[in-house]
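The sequence and the model are shown first.

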Amino acid sequence: MQKHLTFPPVLLITPDAPMAAEVYGGRAKCLQRLIRLDLPVPVTVALSFDAVRGIAAGRMPDLRALMAPFGFAPLLSVRPSSLDPDWGGPGAILNIGMTDERHEALSRTAGPVAATSLYLRFIQSYAIHVARLDPDAFTLPEEPTPEALRAMLAAYEAETDEPFPQSPATQLAEALRSMARAWEGTTARLLRQAKGAPADAGLGLVVQAMALGIGRGESGSGVIQFVDGSTGEPRIAGRYLGQSQGREALAAPRGAAYLVRDPRGPSLEEAAPDAFAELLEAGRRIRTRLKEEMQIEFTLENGRLRILDAVRVPRSPRAALRIAVALAEDGIIPREEAILRVDAEGLARLLHPQVDPAAPRDVLVSGIGASPGAASGRIVLSPEEAEAAAARGEPCILVRRETAPEDIRGMHAAVAVVTIRGGLTSHAAVIGRGLGLPCVVGAAGLEIDRRRRCVTAPDGRVLREGDLVTVDGTAGEVLLGEAPLLPAQQDAAFRTLLDWADLVRGLGVRANADTPADARLAREFGAEGIGLCRTEHMFFEGGRIGLMREMIFAEDAPARRAVLDRLLPLQRADFLAIFRIMAGHPVCIRLFDPPLHEFLPADRAGLRDLAEALSLPLSEVEGRIAQLSEYNPMLGLRGVRLGVTVPEIYEMQARAIFEAAAESGAEGAPVVPEVMIPLVSARREVELVAARIDAVAASVRAARGVDFAYRLGVMVETPRAALRAAEIAQHAAFLSFGSNDLTQLAYGLSRDDASRFLPAYVAQGVFEEDPFQSLDLDGVGELIRIGAERGRHGRGDVVLALCGEHGGTRRAIEFCRREGFDYVSCSPFRVPIARLSAAQATLRNPDSPRA
């Protein structure tokens with residue numbers, strides 16, 4: 001806001017008038033800008049937020065002074081002017097000042113039909129929006145006859161027991177009072193707060209001389225814009241309707257004219273070529289001087305152009321990106337401003353197909369949109385059926401009560417996933433986002449009947465396995481049938497904006513990638529490397545899970561090594577494929593993390609199959625599984641604890657990594673793999689595992705006759721590791737903070753179960769936000785900050801990273817920049833969002849350590 005200026009409560013808008021959007025609202029400020037461009041804007045007076053609050057409280061400003069700039073017997077309009085147009089506001093009221101006397105005078109100049117039509121519209125608007133009368137009593141007649149006018153005036157008197165007001169000042173006062181009180185109403189407050197407005201948001205009002213749009217010559221109203229709001233491509237769009245006012249052209253079912261010449265019908269360009277040329281020049285001037293694509297509301301009165309308003313063109317995420325890039329490429333705005341104008345989260349809509357918003361939607365069930373995008377396919381109820389469908393080339397939708405690690409193969413095979421249980425941090429949600437798979441979780445109204453192989457929707461409709469549905473992971477809905485989809489849209493403007501972002505961001509962005517397919521996607525989306533490769537996911541593929549189960553049931557270390565020797569070439573091939581794809585970019589490989597029970601079947605049929613595969617009695621299999629069971633397996637024998645107590649697993653993985661690195665180097669693509677130890681809580685754990693990994697590296701060097709380098713690091717997931725980071729860092733080249741488990745352990749919450757009560761906690765203000773969706777800066781963030789500071793104290797050159805589910809979020813990225821982290825790592829489909837968010841964080845806070 002300008003300093004040292006006095007802002008009067010009632011202000012005639014002129015080029016030099018003291019104006020601020022924070023005082024009079026965005027519409028008032030925009031109108032001043034249009035006036036400064038010497039555009040034909042009617043005389044306009046702005047009322048400040050404080051003036052409107054006073055009107056709502058019964059303090060009316062001096063109406064004589066307010067109306068003085070408009071001259072004798074004016075016709076006026078009143079429009080809302082809030083700070084943000086998205087907050088809404090009361091509708092505009094047009095033709096204030098229309099009375100019996102004014103009607104008679106206007107009949108002589110514009111004609112009786114036009115004058116009567118205008119008077120009828122005003123009586124209807126005043127009755128409904130100012131006097132708050134029943135709309136049914138004030139329906140506009142088909143023909144604006146004197147009889148219809150008398151009937152509507154009589155209806156008003158019958159409803160109010162008093163004649164229609166004939167004083168323009170009275171009409172204006174009542175209109176101002178009605179709009180001010182509507183803004184202060186409880187419903188209006190709740191609606192705008194839902195759109196992000198503060199509870200005390202103010203409303204300004206603009207009073208403007210009417211440009212009638214009705215008359216004997218070429219008269220009418222319309223809107224025009226110069227880009228497509230869906231694509232952002234240059235295109236003249238809008239409507240024009242003769243003998244109309246306001247935005248009636250947009251609502252007219254028929255009779256509206258095209259703007260440019262069109263063989264399908266009449267156009268404004270043909271009817272009023274001079275006015276059309278003026279509009280084109282106004283559009284060019286507005287784009288260049290206001291540095292934005294605007295939609296212009298205009299009126300013609302006897303061929304004379306009046307510009308009533310200009311608002312930012314409503315736009316899709318795709319159009320917003322293309323408009324920002326075009327403005328920068330044309331030299332109208334700097335590249336940095338283009339970067340800041342694009343909503344980073346909106347990029348998600350460009351990375352996945354979306355349901356066509358214009359298509360009809362037959363919603364079967366609504367849940368939580370956990371992973372954006374849309375896909376159509378046939379219902380399957382098990383991962384095995386999903387794999388079979390994929391083998392036949394049939395797109396399928398995997399529907400489960402909830403997913404578990406053993407469902408990963410089925411999720412890979414499906415085109416979308418739906419679960420009855422779960423929230424945004426459930427297994428299905430996390431894996432779905434990582435795979436770029438549309439996913440709806442928490443679809444609690446669904447019922448699955450495995451015996452009948454069907455699904456029942458909340459409204460009782462029954463769908464059989466094989467029925468066609470569409471999953472809209474963006475909206476969180478499952479639709480019946482195959483809905484029309486819009487393709488993903490990563491065009492030249494998309495790539496250009498991200499290239500600009502890379503030039504200014506000071507924070508590295510890597511991807512979480514577990515497979516060669518993930519690695520390729522990471523490279524396509526511009527990741528600088530892999531920050532988290534979760535090796536356990538590789539063991540769920542193909543026949544590997546059978547080998548894993550055989551290893552779990554092995555009686556001693558030699559037997560385990562024998563099975564792991566069969567897994568070794570498979571792991572080596574996985575790593576080599578990833579190294580080749582990443583072509584020298586860093587690859588951080590997390591050693592085996594989950595508890596072993598995740599690889600074992602949970603149902604009776606699966607146990608029988610396992611007993612048969614191992615040639616063991618079913619009772620022995622059940623007994624062994626019982627021995628492995630834990631009360632809380634996620635806090636039990638997993639991560640580094642397996643590496644210490646069952647060292648053969650980590651030794652096999654280390655050998656696979658180093659042999660793949662040696663082979664990649666021999667092919668001319670040297671790589672320095674980063675080996676990460678998970679779930680560390682003590683320095684001695686790192687010392688033990690590091691010694692064994694060093695020994696494996698020496699063995700591979702000797703056997704292969706080649707030298708290679710690698711870096712050993714720690715995944716900081718426990719509060720104790722953060723607190724003891726100084727001593728842990730002495731044995732680690734990098735510390736990568738795993739925010740998923742660190743959040744669980746800091747809060748004492750299971751993210752798979754917390755969705756049952758976290759919404760209530762957030763609603764009642766216990767937590768500001770779900771800590772699994774938005775990084776908790778006060779608690780978890782403090783642990784990370786302590787860990788980072790102590791890690792640097794223990795080792796000055798330690799590399800710091802964040803690799804949890806939060807890694808691709810704006811809040812976490814801004815935090816990591818402030819704390820001087822080296823990079824964040826997120827799912828491949830979040831990489832573009834993280835690249836843009838990191839650039840925006842740099843531009844907003846250039847003095848942060850990573851600027």
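## Charges over aromatic rings

In this predicted model, Arg 192 is placed over the face of Trp 183, 3.9 Å from the centre of the ring.

## Aromatic pairs and a cluster

Across the whole structure, a search finds 19 aromatic pairs. One of them is formed by Phe 122 and Phe 164: the ring centres are 5.7 Å apart and the planes meet at 85 degrees, so the pair is edge-to-face. This pair connects distant parts of the chain, since Phe 122 belongs to helix α6 (residues 112-130) and Phe 164 to the loop between α7 (146-160) and α8 (168-184), 42 residues apart. Phe 122 is buried, with a relative accessible area of 0%. Phe 164 is likewise counted as buried, because its relative accessibility of 4% falls under the 20% limit.

Tyr 126 and Tyr 156 make up a tilted aromatic pair, with 6.3 Å from centre to centre and 55 degrees between the planes. Tyr 126 lies in helix α6 and Tyr 156 in helix α7, so this pair ties together parts that are 30 residues apart in sequence. Both tyrosines, Tyr 126 and Tyr 156, are buried. Together with Tyr 119, the residues Phe 122, Tyr 126, Tyr 156 and Phe 164 form one aromatic cluster.

## A three-stranded sheet

An open sheet contains 3 strands in the order β17-β18-β19, and their pairing is antiparallel. The edges are taken by β17 (447-449) and β19 (462-464); each has a single partner strand, so one side of each has no neighbour in the sheet. On average, neighbouring strands of this sheet are turned by 25 degrees against each other, direction ignored.

Strand β18 (residues 454-456) is joined to β19 by 3 bridges, and these two strands run antiparallel. Val 455 has Leu 463 in β19 as its bridge partner.

## A buried glutamine in a loop

Gln 245 is located in the loop between β7 (234-242) and α10 (248-251). Is this residue buried or exposed? Gln 245 counts as buried, because its relative accessibility is 3%.

The side chain of Gln 245 is joined to that of Asn 95 by a polar contact of 2.8 Å. Leaving aside residues up to four places away in sequence, Gln 245 touches Asn 95 as well as Leu 94, Leu 118, Arg 121, Met 210, Leu 212, Ile 214 and Ser 221.

## Helix α2 and positive phi angles

In helix α2 (residues 26-36), the buried residues include Ala 28, Lys 29, Cys 30, Leu 31, Gln 32, Leu 34 and Ile 35. Just after α2, Asp 38 has a positive phi of about 60 degrees. Most residues other than glycine have a negative phi.

Two further positive values occur in loops. Asn 302, in the loop between β8 (294-301) and β9 (304-312), has a phi near 55 degrees. Ser 615, in the loop between α23 (604-614) and α24 (618-628), also has a phi near 55 degrees. Ser 615 counts as exposed, because its relative accessibility is 65%.

Note on methods
Residues are numbered from 1 along each chain as its sequence is written. This is a predicted model: local features need pLDDT of at least 70, side-chain atom pairs count only at pLDDT 80 or more; totals for chains, interfaces and linings use all residues. Side-chain values use heavy atoms; hydrogens and water are left out. Helices (H or I, at least four residues) and strands (E, at least two) are DSSP runs, numbered from the N terminus. Buried means under 20% relative accessible area, exposed over 50%, partly exposed in between (1.4 Å probe, protein chains only). Rings of Phe, Tyr and Trp (its six-membered ring) pair if their centres lie within 6.5 Å; planes under 30 degrees apart count as stacked, over 60 as edge-to-face and the rest as tilted. A charge sits over a ring if NZ of Lys or CZ of Arg is within 6 Å of the ring centre and within 35 degrees of the ring normal. Two strands pair if DSSP finds at least two bridges between them. Axes are lines fitted to C-alpha atoms, for helices over the stretch in contact, and angles run from 0 to 180 degrees between N-to-C directions. A polar contact is a pair of N or O atoms within 3.5 Å; within protein, one must be able to donate a hydrogen and the other to accept it, and residues adjacent in sequence count only if both atoms are side-chain atoms. Contact means heavy atoms within 4.5 Å.
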